[in-house]
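Me: I would like to go through this model with you by question and answer, starting with the backbone and ending with the packing of the side chains.

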Amino acid sequence: MRREHTIRMNPFDREPRALKKQVESAVKRVLKSGHYILGPEVEAFEHEWSTFTGTHHTVGVGNGLDALELGMRALGIGPGDEVITTAMTAFATVLAIHRVGATPIIADIEPETALLSLESARGLVTEKTKAVIFVHLYGRAGNMPEWLAFTKEHGLHLIEDCAQAHGARFNGRHVGSFGVFGAFSFYPTKNLGGVGDGGALVSNDQDLADKVRILRNYGQQNRYEHVEWGVNSRLDEMQAAILLARLEWLPIMTARRQRNAQVLRSNLDSLSGCKLLAAASKPEQDVSHLFVVRVRDRETVMRKLSSTGIETLIHYPIPSHRQAALGGESSVPELLVSAEQHSSECLTLPSSPWTTRPEIESLISRMSSVIEALGN
Ligand SMILES: *Cc1c(COP(=O)(O)O)cnc(C)c1O
C-alpha cells in the first residue's frame with residue numbers, strides 16, 4: 001500500500017480536472033474519427049510542435065530513440081562512422097548510434113552542469129567522426145552557439161537530444177532548432193508526455209525531414225512504392241491528439257517545475273553535504289525536467305528519505321561507457337573522471353509540476369536532517 005503522504009516522482013493522478021477533460025475529449029475525437037494512423041491529429045501536432053520550437057519541420061515518430069536513429073540514417077551516418085556523445089544520458093542516446101551501425105564515442109561531462117564537456121569532445125575527434133549528439137540533460141539547454149562553432153570547425157553534424165528539455169531556450173532560441181536536427185521524446189514522464197510512447201524529429205532541413213517521413217513509414221514515398229529500407233515508427237493519432245491537448249498546458253507545467261526547482265535550490269544551497277548543479281544564467285535555459293543533487297553516501301540518503309515516504313531516483317547510476325551492452329565497442333581513451341564522480345553521487349529528488357509547496361518544504365526539511373545526521 002502506498003502511504004498517504006508519499007512524495008512521488010510523478011503524481012499524474014493529481015493533474016487538474018480541466019487537463020484531464022481535454023485529454024478525454026481528444027481521445028473521444030480520435031475514436032469517433034475512425035482514423036488512427038497518420039491522419040489529421042499527427043499533422044496538426046507536427047504543425048504545432050514546429051510553431052512551438054521555432055523549426056520549419058516536425059516529423060512525428062514512435063519514440064525518442066527512433067527520432068535519433070532515423071535522423072542519423074537520413075544523414076547517411078552508418079558503419080565506419082563515429083559519433084561523439086555524453087557519458088551521462090539515458091542509454092537510448094548511445095543505442096541510437098549503435099542502431100545505425102556507427103560507433104559511439106563517449107565523452108566526459110562538465111562537473112558543474114553534468115552536460116557534455118566541449119574539451120572532452122574536442123579530444124575525441126578523429127577523421128571518422130561524423131556527428132556530436134548533445135544532450136540537454138535534466139532540462140538544461142547547452143550553450144549551442146559554442147557547440148555550433150565547434151562542430152562547424154570540424155565539419156561535423158550537431159544533433160540535439162532534446163528528450164528532457166521541451167521548451168528550453170538559449171539566447172531566445174528553442175533547443176532542437178540549432179543543430180541539423182533535434183530529437184524529442186514524449187514518453188509519459190517527460191516535460192511533454194503522452195499516455196504511451198511517442199517522439200518527434202524537428203529540423204529546418206526540408207530534405208532531411210522528407211527522408212525521415214519516408215523512413216518512418218516502411219520507406220514508402222507513395223503508397224506501395226518503397227524507395228528506402230524504412231521502419232514502422234509512426235506517432236499515432238491517439239498520442240498526437242493527447243499531445244495537442246497537453247501542449248496547451250506545457251508552459252504552466254514548466255513554470256511549476258521551475259518554481260519547485262527554485263525553492264529547492266535556494267533552500268538546499270546552504271547544506272554543505274548536498275551539492276547543487278550550477279544554476280543557469282537565465283530561467284529560459286532550464287525547464288527543470290529533473291532536480292538532481294550530488295550527495296555522498298547516496299544509498300543511506302535514499303534509504304532514509306524512502307523510510308519517510310520520499311521517492312528518489314538516480315539519473316544515471318551507470319555512465320554510458322560502463323554499460324555492458326557496449327562490450328568494449330566504445331573506445332574510452334581517457335578516464336571519464338567527472339562522469340564517474342557524478343554517477344556515483346547524483347540523486348534525483350521529486351519535483352514534478354504537481355508536487356505541492358508543502359511537499360517541497362517537507363522534502364527540504366527531511367533532506368536537511370538526513371544530510372546533517374550524516375555529518376557531511
Ligand atoms: C527519454 C530519453 C530518450 C529516449 O526516448 P524514448 O521515447 O524513451 O525512446 C533519449 N534521450 C534522452 C536524454 C532521454 O531522456
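Me: In the loop between which two elements does aspartate 297 lie?
Reply: This is a predicted model, in which local features need pLDDT of at least 70 and side-chain atom pairs count only at pLDDT 80 or more, whereas totals for chains, interfaces and linings use all residues. Residues are numbered from 1 along each chain as its sequence is written, and side-chain values use heavy atoms, with hydrogens and water left out. Helices (H or I, at least four residues) and strands (E, at least two) are DSSP runs, numbered from the N terminus; on that basis, aspartate 297 lies in the loop between S13 and H10.

Me: Is serine 288 buried or exposed?
Reply: Serine 288 is not a glycine, although its phi is positive, at about 50°, and its place is in the loop between strand S12 (274-276) and strand S13 (291-295). Buried means under 20% relative accessible area, exposed over 50% and partly exposed in between, with a 1.4 Å probe and protein chains only. Because its relative accessibility is 9%, serine 288 counts as buried.

Me: Which residue does a cis peptide bond join to histidine 315?
Reply: The bond in question has an omega of about 10°.

Me: Why is the pair of phenylalanine 45 and tryptophan 49 classed as it is?
Reply: Rings of Phe, Tyr and Trp (its six-membered ring) pair if their centres lie within 6.5 Å, and planes under 30 degrees apart count as stacked, over 60 as edge-to-face and the rest as tilted. The structure holds seven aromatic pairs. In this one the ring centres are 5.9 Å apart and the planes lie at 15°, so the pair of phenylalanine 45 and tryptophan 49 is stacked.

Me: What is the relative accessible area of phenylalanine 52?
Reply: Tryptophan 49 is buried at 0% relative accessibility, and its ring is stacked with that of phenylalanine 52, at 5.0 Å centre to centre and 20° between the planes. Tryptophan 49 and phenylalanine 52 are three residues apart in helix H2, and therefore separated by about one helical turn. Phenylalanine 52 is partly exposed, with a relative accessible area of 24%.

Me: Over the ring of which residue does the charged end of arginine 173 sit?
Reply: A charge sits over a ring if NZ of Lys or CZ of Arg is within 6 Å of the ring centre and within 35 degrees of the ring normal. The charged end of arginine 173 is 4.2 Å from the centre of the ring it sits over, that of phenylalanine 178.
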